[in-house]
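Please look over the sequence and the model shown here before reading on. The paragraphs that follow go through selected parts of the fold one after another.

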Amino acid sequence: MKDVWAAGDAYEPYVGRWSRLVAAEFLTWLDLPSGSRCLDVGCGTGALTSQLVQVGSATGVDASEGFVSYAAAHEPAATFRVGDATSLPFEDDLFDAAVSGLVLNFVPDHAAMVREMSRVTIAGGSVAVYVWDYAEGMQFMRRFWDVAAAVDPEAPDEAARFPVCAPEPLAALFHDAGLSEVAGREIVVPTTFVDFADFWEPFLGGQGAAPAYVATLGLDARSEIEQRLHEELGDGPIPLTARAWAVRGVC
C-alpha cells in the first residue's frame, strides 16, 4: 500500500486540524527568537508554517505539489517550495531554525532528513521535529487500527510501521546527527469529534496512511470497520486525545 499525499482539502479534516493544535504548543516550547528565519520541512498543508509566521519569516517545503498549492493559498505570509526532505533546495546555513511536523516517519531515510535540516541551519540554531505517538497516544488512529486489525489481520498498522515515533529513537537520531542539547517532550491535545460522522468521514478522503488503506478495501470490509467503530464510540460527541512526541537539538 502506498501512502497518498495530494489533496489538502481532504487531509485537513483528517489530521491537519489536530496538527495545528500541536504546532502551537511545539513552537511555544521551542521559544524561537523573534525575527527568526524558519524552515518547515515537509510542510504539508501548512499547519506548522502558519505558526512560524508569527515568529519571523517562514518557508515551507514539501514533496507534494498539491499540498504546497493548498498551503500557499491559505498562508500568503509564508513562502512555499516543492522539494525533497533528504535533499533540501537551499544553501548551507540559511535558516535560524529548521522544524518539521508529522513527516519524519514517512521519509525513508530519517538520518538524511535530519542531516539536511542541520545543514541549512546556522551554528547555534535549532532543529526540531514532532511525530504522532502511533503506538498508544494518537487515540483516534489507535482506535481505527485496532478495529482494522480485527477485521483484516494484514492491516498495515502505523505503530508497527514507524518504530522511530518514540522518545528514545528520536533522541538517538538527533544525537547521531551531531546535534547538541538534545531534549524531548510529549504534547497532548484534545481531538473531540462532534459526532460519529465527524470521526469517520475523514477516513474516506484517501489522504494519509489510514485513509489510503481504507481506499483499498472492499465495501464489506469497509462497512464492517465502520460499524464496529460506531458501536465502540457511539453517536458522539467523541472526546479523545492525541499525543505527539517532540525532539529538538542545537546545531
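Between which two elements is the loop that holds D31? D31 sits in the loop between α1 (8-30) and β1 (37-41), where helices (H or I, at least four residues) and strands (E, at least two) are DSSP runs, numbered from the N terminus. This is a predicted model, in which local features need pLDDT of at least 70 and side-chain atom pairs count only at pLDDT 80 or more, while totals for chains, interfaces and linings use all residues. Residues are numbered from 1 along each chain as its sequence is written, and side-chain values use heavy atoms, with hydrogens and water left out.

The backbone at D31 has a phi near 50°, a positive value in a residue other than glycine. With a relative accessible area of 62%, D31 is exposed; here buried means under 20% relative accessible area, exposed over 50%, and partly exposed in between, with a 1.4 Å probe and protein chains only. L102 also has a positive phi, near 65°, and is likewise a residue other than glycine. L102 belongs to the loop between β4 (95-101) and α4 (110-119), and because its relative accessibility is 7%, L102 counts as buried.

Helix α1 also contains L27, which is buried, with a relative accessible area of 9%. Leaving aside neighbours within four places in sequence, L27 is in contact with L32, L48, Q51 and L52, contact meaning heavy atoms within 4.5 Å. From L27 to Q54 there are 27 residues in sequence, and their C-alpha atoms are 9.9 Å apart in space.

The next element to consider is helix α5 (residues 139-151), which has 13 residues and reaches 19 Å from its first C-alpha to its last, close to the 18 Å expected at 1.5 Å a residue; the expected span is 1.5 Å times one less than the number of residues in the helix. Which residues of α5 are buried? They are F140, M141, R142, F144, W145, V147 and A148. As background, an α-helix has 3.6 residues a turn, so residues three or four places apart point the same way.

One partner of α5 is helix α10 (residues 219-233), and the two pack at an angle of about 130°, with their axes 9 Å apart. Axes are lines fitted to C-alpha atoms, for helices over the stretch in contact, and angles run from 0 to 180 degrees between N-to-C directions. The two helices, α5 and α10, are therefore oblique to each other, since angles under 35 degrees count as roughly parallel, over 145 as roughly antiparallel, 65 to 115 as roughly perpendicular and the rest as oblique. The crossing of α5 past α10 is right-handed; a crossing is left-handed if the near helix is turned anticlockwise from the far one by less than a right angle, and right-handed if clockwise. On the α5 side R143, F144, V147, A148, A150 and V151 take part, and they meet A221, E224, I225, R228, L229, E232 and L233 in α10. Sorted by class, this contact of α5 with α10 has 9 nonpolar, no polar and 4 charged residues, with Ala, Val, Leu, Ile, Met, Phe, Trp, Tyr, Cys and Pro counted as nonpolar, Asp, Glu, Lys and Arg as charged, and the others, Gly among them, as polar.

Another partner of α5 is helix α9 (residues 209-216): their axes come within 11 Å and cross at roughly 30°. That angle makes α5 roughly parallel to α9, and α5 passes α9 in a left-handed crossing. F144, W145 and A148 of α5 make this contact with A209, A210, Y213 and V214 of α9, and by class it has 7 nonpolar, no polar and no charged residues. Helix α9 is mostly covered, with 6 of its 8 residues buried, namely A209, A210, P211, A212, Y213 and V214.

T191, in strand β6 (residues 180-193), counts as buried at 0% relative accessibility, and, not counting residues up to four places away in sequence, T191 touches W18, F140, I238, P239, L240, T241 and A242. V127, in strand β5 (residues 121-132), counts as buried at 0% relative accessibility.

Finally, a cis peptide bond, with omega about 0°, joins G236 and P237, and P237 lies in the loop between α10 and β7 (238-250).
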